[in-house]
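This report looks at how chains meet in the structure shown below. It takes one interface and then another.

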Amino acid sequence: MEQSRPLDALNAARNKRVIVELKNGRQYVGTLKAFDIHINLVIEKTEEKVDGELKRKLDTVFIRGDTITLVTPA
Amino acid sequence: MEQSRPLDALNAARNKRVIVELKNGRQYVGTLKAFDIHINLVIEKTEEKVDGELKRKLDTVFIRGDTITLVTPA
Amino acid sequence: MEQSRPLDALNAARNKRVIVELKNGRQYVGTLKAFDIHINLVIEKTEEKVDGELKRKLDTVFIRGDTITLVTPA
Amino acid sequence: MEQSRPLDALNAARNKRVIVELKNGRQYVGTLKAFDIHINLVIEKTEEKVDGELKRKLDTVFIRGDTITLVTPA
Amino acid sequence: MEQSRPLDALNAARNKRVIVELKNGRQYVGTLKAFDIHINLVIEKTEEKVDGELKRKLDTVFIRGDTITLVTPA
Amino acid sequence: MEQSRPLDALNAARNKRVIVELKNGRQYVGTLKAFDIHINLVIEKTEEKVDGELKRKLDTVFIRGDTITLVTPA
Amino acid sequence: MEQSRPLDALNAARNKRVIVELKNGRQYVGTLKAFDIHINLVIEKTEEKVDGELKRKLDTVFIRGDTITLVTPA
């Protein structure tokens with residue numbers, strides 16, 4: 001039986017809405033467009049939230065992988 | 001006598017419930033679906049806990065390995 | 001269908017105004033001139049902002065990649 | 001005269017009780033079952049202590065190497 | 001059209017006055033003499049500033065790259 | 001004239017008493033038995049000190065290199 | 001015209017008095033005996049200073065490179 005790898009989960013989330021959480025506590029909700037092995041991500045139609053509260057609306061956002069704690073479907 | 005390696009323990013936990021603890025003190029309890037050599041993990045049917053208290057229910061969660069301190073069966 | 005990579009988003013932003021946010025909370029708004037795989041960046045005609053307030057005007061700024069959290073069009 | 005390497009000390013501790021101390025101040029006392037060059041460890045029959053006080057009993061625990069400060073026989 | 005790389009900006013600043021800012025908030029103003037791919041730098045005729053205030057005059061200073069946030073012409 | 005390398009100093013300290021200081025401020029005084037290029041160390045007959053005060057006596061201690069700031073003869 | 005590299009500055013300081021400053025704010029003044037590409041250093045006849053005040057006299061000190069912010073002639 002073939003075993004899945006973590007990046008498969010990111011691949012399955014392409015073009016879908018995801019929540020990206022950073023080490024600094026901020027949350028970015030957007031449509032996942034691209035990722036690489038460092039977990040650098042690009043999301044679009046992005047909402048930035050701090051403590052669950054909408055702070056900014058951004059379109060395309062490049063997020064550096066080493067600042068990310070988790071990614072989950074929105 | 002063959003010696004086990006740390007990733008063998010993660011492999012033995014596939015499809016089982018695990019507790020994943022992060023450097024920021026948060027705890028994620030879910031079913032381990034995938035991991036890699038960086039200890040990037042994917043868990044499913046996830047409960048996020050802070051100070052032992054349930055904060056959120058999430059389904060699939062990708063956790064970046066460098067934010068993890070430990071993984072143990074739930 | 002070809003899949004985009006995160007650095008494609010930076011490439012598309014060349015010679016355009018971008019917001020670069022750092023782990024220390026500072027924000028640099030400038031014209032993206034160069035980047036590499038470490039996400040080291042060079043921006044020009046730069047405004048440094050702290051808490052949304054303009055602190056300094058700088059021209060060319062080299063920013064070390066590991067200090068960056070995100071890059072987004074201005 | 002042959003010179004020993006640091007991992008020899010971990011190898012000598014296999015199947016013995018060890019104390020593992022983390023950068024966050026927590027202490028894990030367990031039986032060392034596996035380790036690798038990143039100092040990722042697996043211990044069993046684990047006691048988690050904070051300020052010397054028993055917090056939790058866990059069985060198998062995978063600890064990510066970069067969170068460890070030291071390992072010493074219990 | 002050829003695309004510039006971030007280190008080209010440092011190269012263009014050789015033998016010119018630069019401001020180097022560190023993760024600890026300190027600022028070093030000096031003449032850039034050398035750099036490498038880790039962004040290790042050597043500057044000369046250096047002024048160290050904390051909160052914009054001159055603290056020390058130093059001549060040659062080797063700065064380890066991973067402590068740097070940005071470099072900009074003085 | 002041949003130039004010495006930093007690890008030569010550690011090699012010269014083998015089987016001698018050394019002070020190992022960590023990023024968390026703790027000090028370990030012991031007999032240096034082994035080290036590697038990551039500066040992972042093994043010391044024996046170890047005394048742990050915090051603010052110069054003896055906290056614990058330990059025998060063999062494996063210390064992960066990335067937690068170390070300095071090593072000096074005791 | 002040949003361009004100098006950062007390690008040339010350290011090489012020029014061999015057997016001379018240098019100030020080494022660490023991320024934790026401590027300063028070590030000693031005679032530079034050895035360094036490598038990680039900026040691991042060995043200094044001799046060392047004075048440790050905190051806030052400019054002499055704390056300890058040490059002879060040979062091995063300093064792990066990743067804890068260093070800068071090196072400058074004393």
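This is a predicted model: local features need pLDDT of at least 70, side-chain atom pairs count only at pLDDT 80 or more; totals for chains, interfaces and linings use all residues.

A salt bridge here is a side-chain nitrogen of Lys or Arg within 4 Å of a carboxyl oxygen of Asp or Glu. Two salt bridges are found across the interface of chain D and chain F. The interface also has nine residue pairs in polar contact, both residues at pLDDT 80 or more. A polar contact is a pair of N or O atoms within 3.5 Å; within protein, one must be able to donate a hydrogen and the other to accept it, and residues adjacent in sequence count only if both atoms are side-chain atoms.

## Makeup of the chain D side

On the side of chain D that touches chain F, the elements giving two or more residues are α1 (6-12) and β6 (68-73). The largest share, six residues, comes from β6(D). Helices (H or I, at least four residues) and strands (E, at least two) are DSSP runs, numbered from the N terminus. By type, this side of chain D has nine nonpolar, seven polar and four charged residues.

β6(D) runs antiparallel to strand β5 (residues 61-63) of chain F, joined by two bridges; strands pair if DSSP finds at least two bridges between them. Within β5(F), Phe62(F) is the bridge partner of Val71(D).

## Extent of the D and F contact

Chain D brings 20 residues to the contact and chain F brings 23, where contact means heavy atoms within 4.5 Å. The buried area, which is the accessible area (1.4 Å probe) that two parts lose on being put together, summed over both, is about 1600 Å² for chains D and F. Carbon and sulfur atoms give 54% of that area. In chain D, Pro6(D), Thr69(D) and Leu70(D) lose the most area to chain F, together 32% of what that side buries.

## Chains C and A

Between chain C and chain A, 21 residues of chain C contact 24 of chain A. The area buried there is about 1600 Å², with 55% from carbon and sulfur atoms. Two salt bridges are counted between these chains; Lys23(C) forms one with Asp66(A), at 2.7 Å between the closest N and O atoms. β6(C) pairs in the antiparallel sense with strand β5 (residues 61-63) of chain A over two bridges, and Ile63(A) stands opposite Leu70(C).

## Conventions

Residues are numbered from 1 along each chain as its sequence is written, and chains are lettered from A in the order in which they are written. Local features need pLDDT of at least 70, side-chain atom pairs count only at pLDDT 80 or more, and totals for interfaces use all residues, while side-chain values use heavy atoms, with hydrogens and water left out.

Definitions and conventions
Ala, Val, Leu, Ile, Met, Phe, Trp, Tyr, Cys and Pro count as nonpolar, Asp, Glu, Lys and Arg as charged, and the others, Gly among them, as polar.
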